[in-house]
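Student: I would like to learn how to read a few features of a structure. Please take me through them one by one.

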Amino acid sequence: MKHIILAIDSFKGCLSSVEAEDAAEHGLRERWQEVKVVKVPVTDGGDGMLNVFLHLFDCEKVAVNCHDALMRPIQANYAVREDNTVIIESALSCGINLLKSHELNPLRATTYGLGELFANALQRGYRKFIIGLGGSATSDCGLGVLVALKDIFGKNWRDKFLRDLDITLASDVNNPLFGERGAAVIFGPQKGATPEMIVCLDRRARTFALMAAAQLGFDCSLNNGAGAAGGLGYAFMQFMNAKMRSGADVLLETVNFNSLIEDADLIITGEGSADSQTLMGKIPVRVLEYGLRKNVPVMLIAGKIKDAAVLLKAGFSQVQCITPKDMLLTEVMKPNVAKDNIQKAIMQL
């Protein structure tokens with residue numbers, strides 16, 4: 001009997017990881033009458049992270065009244081695992097998907113709502129956190145979070161909590177806080193920043209980092225991931241001693257992926273669009289690394305593929321575009337069409 005592992009990332013704007021893997025499973029069961037399929041929904045810390053953890057683990061879901069990036073009242077959720085680890089997806093409170101395109105303004109957008117979520121968990125006595133940093137609309141260096149904590153707990157909030165905090169940040173971003181590879185320059189445009197705004201945001205980040213370093217005696221602004229989520233990574237590392245990890249690694253280690261693939265014949269991974277950038281720490285290449293260590297072939301599927309030769313050279317056993325050649329993008333992005341394309345591609349194995 002074939003033993004196949006599915007570890008497919010979301011097809012952004014189209015399918016969640018769970019939906020993509022369900023479609024792939026249907027294809028596998030059409031292809032082989034007898035097949036053992038193990039589905040491992042995956043996340044890099046961005047959109048959909050909370051749902052992945054809720055799917056994989058026995059979690060309590062907690063709803064909190066908070067604010068979005070424009071300080072409008074919303075309700076957002078976090079999850080608590082059986083071991084009392086809190087899972088927070090920052091995009092659920094300050095995410096870009098919560099705003100319309102004409103509302104994007106990184107000079108105004110704030111992470112205050114994420115601070116409210118975090119504070120709620122602290123009030124309930126939780127001290128261990130996994131916080132996903134993808135998909136934010138903000139570039140405030142995490143100042144919103146810090147202001148929320150000060151508003152809720154007082155100016156000495158660090159004295160109350162810092163000693164006991166254990167925070168892991170999940171992100172696929174390794175950029176510093178400011179500079180040519182910093183949060184404003186690299187990610188500002190997709191959040192609505194004009195060239196003038198980018199200059200202002202970058203200067204603001206430099207100034208904030210200088211002030212924080214003078215106050216605390218150390219500086220995390222150049223750390224890998226400090227620029228994640230518009231500098232949110234910096235705030236958690238600088239003020240709360242958080243550790244930055246690859247979001248994919250956090251999840252794969254938590255589910256003990258090494259053991260899951262022990263006797264597998266094939267691993268199928270994928271994402272919406274795959275190219276040479278896929279090899280820069282994204283979920284498919286993390287999955288590939290596990291497969292190579294265990295000598296299990298890893299197949300890559302995607303809605304769009306570029307640099308196929310580079311991907312094959314990296315070690316993928318097969319690279320397959322699921323989209324028919326002449327299909328329009330508007331059609332491709334329809335969830336039912338994408339599911340059908342995945343199923344048909346898998347049936348060709």
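This is a predicted model: local features need pLDDT of at least 70, side-chain atom pairs count only at pLDDT 80 or more; totals for chains, interfaces and linings use all residues.

Student: Where is T269 placed?

Tutor: Helices (H or I, at least four residues) and strands (E, at least two) are DSSP runs, numbered from the N terminus. T269 belongs to strand 9, residues 266–274.

Student: Is T269 buried or exposed?

Tutor: Buried means under 20% relative accessible area, exposed over 50%, and partly exposed in between, with a 1.4 Å probe and protein chains only. T269 has a relative accessible area of 0%, so T269 is buried.

Student: Which residues is T269 in contact with?

Tutor: Contact means heavy atoms within 4.5 Å. Leaving aside neighbours within four places in sequence, T269 has contacts that include A7, I8, I283, V298 and F316. For A7 there is a further detail: a polar atom of the T269 side chain lies 2.7 Å from the backbone oxygen of A7.

Student: How many aromatic pairs are there?

Tutor: Rings of Phe, Tyr and Trp (its six-membered ring) pair if their centres lie within 6.5 Å; planes under 30 degrees apart count as stacked, over 60 as edge-to-face and the rest as tilted. The count is seven aromatic pairs. One of them is F118 with F129, a tilted pair at 4.6 Å centre to centre with 50° between the planes. F118 lies in helix 4 (residues 112–123) and F129 in strand 6 (residues 128–132), so this pair ties together parts eleven residues apart in sequence. F118 is buried at 0% relative accessible area, and F129 is buried at 1%.

Student: What kind of pair do F257 and Y290 form?

Tutor: Their ring centres are 5.3 Å apart and their planes stand at 85°, so the pair is edge-to-face. F257 is in helix 11 (residues 257–260) and Y290 in helix 12 (residues 283–294), so parts 33 residues apart in sequence are tied together.

Student: Which residue lies over the face of Y290?

Tutor: A charge sits over a ring if NZ of Lys or CZ of Arg is within 6 Å of the ring centre and within 35 degrees of the ring normal. R293 lies over the face of Y290, 4.7 Å from the ring centre. R81 lies over the face of F57, at 5.4 Å from the ring centre.

How values were computed:
Residues are numbered from 1 along each chain as its sequence is written. Side-chain values use heavy atoms; hydrogens and water are left out. A polar contact is a pair of N or O atoms within 3.5 Å; within protein, one must be able to donate a hydrogen and the other to accept it, and residues adjacent in sequence count only if both atoms are side-chain atoms.
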